Amino acid sequence: MPSETYPHPEEARSAVSKDARAGLQCGVVDRGQFIPRLDGATRTTCPYCGVGCGLVAAADGTIAGDPDHPANRGLLCSKGAALADTLSPAGRLLRPQIGDRAAGWDEALDLIAGNFARTIAEHGRDSVALYVSGQFLTEDYYVANKLMKGFIGTANIDTNSRLCMASSVAGQVRAFGEDVVPGCYEDIEEADLVVLVGSNAAWCHPVLYQRLAAAKEARGTRIVVIDPRRTATCDIADLHLGVRPGSDVAVFAALLLHLAQIGACDRDWIGGRTSGFAAAIEAARASAPSLADAARIADVPPRDLATFFNWFAATERTVTLYSQGVNQSSAGTDKVNAIINCHLATGRIGRPGMGPLSLTGQPNAMGGREVGGLANQLAAHMSFADESDIDRVRRFWQAPRMATRPGLKAVDLFDAVRDGRVKALWILGTNPAASMPRAGRVREALAACPFVAVSDCWPTDTTRFAHVTLPAAGWAEKDGTVTNSERCISRQRAFRAPPGDARPDWWMLTEVARRMGWAAAFPYRRPADIFREHAALSAFENRGTSHRIFDIGALSELSDDDYDRLPPVYWPLPSGEARPWSGEKRLFGDGEKFPTGDGRARFVPTPFRPPAEPADQQWPLLLNTGRVRDQWHTMTRTGRLPRLMAHQREPLLDMHPEDAARLGLVDGGLARVETRFGETVLPTRLSAAQRPGEIFAPMHWTDRFASAGPINRLVGAATDPISGQPELKATPARVTPIAPLWRGLVLRHSEELPEGPYYWARVPLDEGHAFDLAGWAPLPSGRGTEKWVAELLDAPPTPELVIYADPGRGAFRYASLVGGRLDACLFLARDAASLPSRDAVSALLGVPIEPERRTELLAGHSAALDAANDTGRTICACFGVGLLTLHRTIASRNLASVAEIGAALRAGTNCGSCIPELRALLHDHRIESTTAA
Ligand code: SF4
């Protein structure tokens, strides 16, 4: 790879304004030098993924990467780089609401407290529940956990992190005795081999991917990607193992055997630091007795698997990164342990450039785990399995009604709501009506639940089911802490006032606790009060046989000012002088004991089992789900930005061309996708990056953005027996083609389109919204046409309507004008190619149209509708460079490198998130020119 392709962290440092850097010298490990705010600029953290990038929000409203934050050193991805554009309060929830009417905070909070108290009195403490979020700050999590487990007396609090990394938590607890990530991001840069398993880091953890790409340039790091799909991450891979979904345990079991057979295990380390090696080897032998067996199970060429095994065996500095492809599985915990087993067998842990490293999906999944925000956790890395832990937390909290057993994990929780065991539910900062598997059943559960409260920033698919809706403060308006995937605690600092009556989640929870009679135990006036208590609990009686590595006692007496000035720090951070202020970046090195009782790490036997539900004759395809580059979760924030919607405008179903040909599907066609749990209609994209027999759909789109609704309505809910994490990546499905009879494009100001026998997908514009349509029923005719058109245009009662019809070509065009300006327009045609360019016509909404131009415009005789002006879907989100522009420029100027594209169009020169796609485009052009020659 040419060295100019990825921004080096040092270059990113210099890209941040000199003023901001001069004012905000960080000195990461020295709190004396750390300046969190200066001249209106504020240091904070990104609210998206688990990389946990530091930001500098400047007084002029711009947001840049923090050059001194250890996670990103100034880099940002396309989502982080667009954060400043998400700050508009338009569309936010501004007032508490009871049913459809606005209410005051007192009334709304009284209602929640009263409903919870009454339900507990009538049905017991397990009849109420909280469902919270990895978007929560640690302080939010702490109050929620304390309220439920210490005072209401139930552990029925779970978090959407259950869908993200619960298997990693369970795997780490089994292997290390505690939920501890042993390494750090720097290990990725110091490794000679990096193995990514079930991780499309290029899109899901982009800054870390850029650090890895820069390290590869600098030191030639070898990279292996193990993933059923050939993702953008494979751009820098030396080897891609396109494994069959769910086969990871067989691959790593066979690797463990291979390491043992060729003498590549570190017998001294195994003997001195671990237990259970023989049992793990026995289970591995039963799972995949040979490399050939593993290759057959994983459906990869044996030679490729042998290459991976040989590289792993020969490379001391090996890091294995894993993410949702490992975790979101009915065997997720075993997959994690199968990976960790190989690191334990080689003693590759706790030293620079080596170790297993779980990448969390959310910004504060780790902080939630520290608090104990999962239903099966107690608090501060203490456990329900240990009576003395329960007693310790009871005494610390002075809790009147301590929960003594784990609560319901997410899938079980919503089942309990559905069958009436849980009767009062408060959902905070998450959208389970879209994000949970079997989302249709979850909606039924919410609809049937006697009391549902929802706190969020924006209306979502879930707020539709709320009896009480509370307006939550967003990331720019909240103070607190988050912990990223490498145990680095960073401050999130508010730099804007919340709009309307929005309030932080910790405040709402505190107020409900007070109303339920526990004011003395919830005295918090500011996040620092909560953080100090959280830190003190982590250190409480943390010694001897009850020692927990998670100890941040050194932070338990921070003043408010110290809390405000807290630089990024790594835990553990116990009180006293035993460790430096900066905390340990690597754990378990130099004979350090594991918190397992005997001090030894545990090998875990991991018998291979395939996904819970195999494909069969009736359901011959496996549906995989995941993220796309520029979207975040259910799009409540990223879906509002035209710039981030331009990379992928609709929820495409990716399918291998062989499957498409067999089923009669074409690229850009429509497909009905069915599973045992639901069905939907999606547009298709043919992609050789898919394995035959497998399909992929993005997890982001909801009812608010497409008629297809959330793909999770189709996803099954088989769970891992240990972690409770659902299998979101392997649901048997079938696909049938739908022949669209017409295609359409609507531009209008309102965002809710009437339903009908057509597919639609919405993209927000700078003004109004654009909807792509594809219908499979004939267009209305006769008198029905007028009504249908008026509904689609959302036209006023007496619109100034301009109509152009060419029945011979099947082209019908309607424009509604208000005050001489284009208020809405509808274009209908037999095929998509006959529609005008959406990008071109979108700019006309709200623009005055001269009377003499109106018919001409609709007839398509206008340059504004000329397809030649279409730039295509956006590849570079930072500079708005489209696919067609790239194709034209690469071809006309004979561009041969990413650097040349950057020089010509600026694409790829800022955040770098589009570089894998630029390289793929160059590759395609090279193939085309070779073929043409
Ligand atoms: Fe935010 Fe991107 Fe950094 Fe993730 S990689 S924390 S989304 S800027």
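Let me begin with a term: two strands pair if DSSP finds at least two bridges between them. Helices (H or I, at least four residues) and strands (E, at least two) are themselves DSSP runs, numbered from the N terminus.

The structure before you is a predicted model, in which local features need pLDDT of at least 70 and side-chain atom pairs count only at pLDDT 80 or more, while totals for chains, interfaces and linings use all residues. Residues are numbered from 1 along each chain as its sequence is written, and side-chain values use heavy atoms, with hydrogens and water left out.

I turn to strand 26, residues 670–675. Strand 26 is joined to strand 29, residues 731–738, by five bridges, and the two run antiparallel. In this pairing, Leu670 stands opposite Ile738. Strand 26 also pairs with strand 27, residues 678–686, in the antiparallel sense, here over six bridges. Val673 faces Thr680 of strand 27, and two residues lie between the two strands of this hairpin. Five of the six residues of strand 26 are buried, that is, under 20% relative accessible area with a 1.4 Å probe, counting protein chains only.

These strands belong to a closed barrel of six strands, in the order 24-28-25-27-26-29, with mixed pairing. From one strand to the next, the twist averages 45°. As a general point, side chains in a regular strand alternate between the two faces of the sheet.

Next, the helices. Helix 13, residues 291–298, packs against helix 14, residues 302–314, at an angle of about 115°, with the axes 9 Å apart. Axes here are lines fitted to C-alpha atoms over the stretch in contact, and angles run from 0 to 180 degrees between N-to-C directions. Contact means heavy atoms within 4.5 Å. Helix 13 contributes Leu291, Ala294 and Ala295 to the contact, and helix 14 contributes Pro302, Leu305, Ala306 and Phe309. By class, the contact has seven nonpolar, no polar and no charged residues. Ala, Val, Leu, Ile, Met, Phe, Trp, Tyr, Cys and Pro count as nonpolar, Asp, Glu, Lys and Arg as charged, and the others, Gly among them, as polar.

Finally, which residues are around the ligand? Among them are Cys46, Tyr48, Cys49, Lys79 and Pro206, each with a heavy atom within 4 Å of the ligand. The shell divides into eight nonpolar, two polar and one charged. Helix 3 (78–81) and helix 9 (206–219) each supply at least two of its residues.

Conventions:
Buried means under 20% relative accessible area, exposed over 50%, partly exposed in between (1.4 Å probe, protein chains only).
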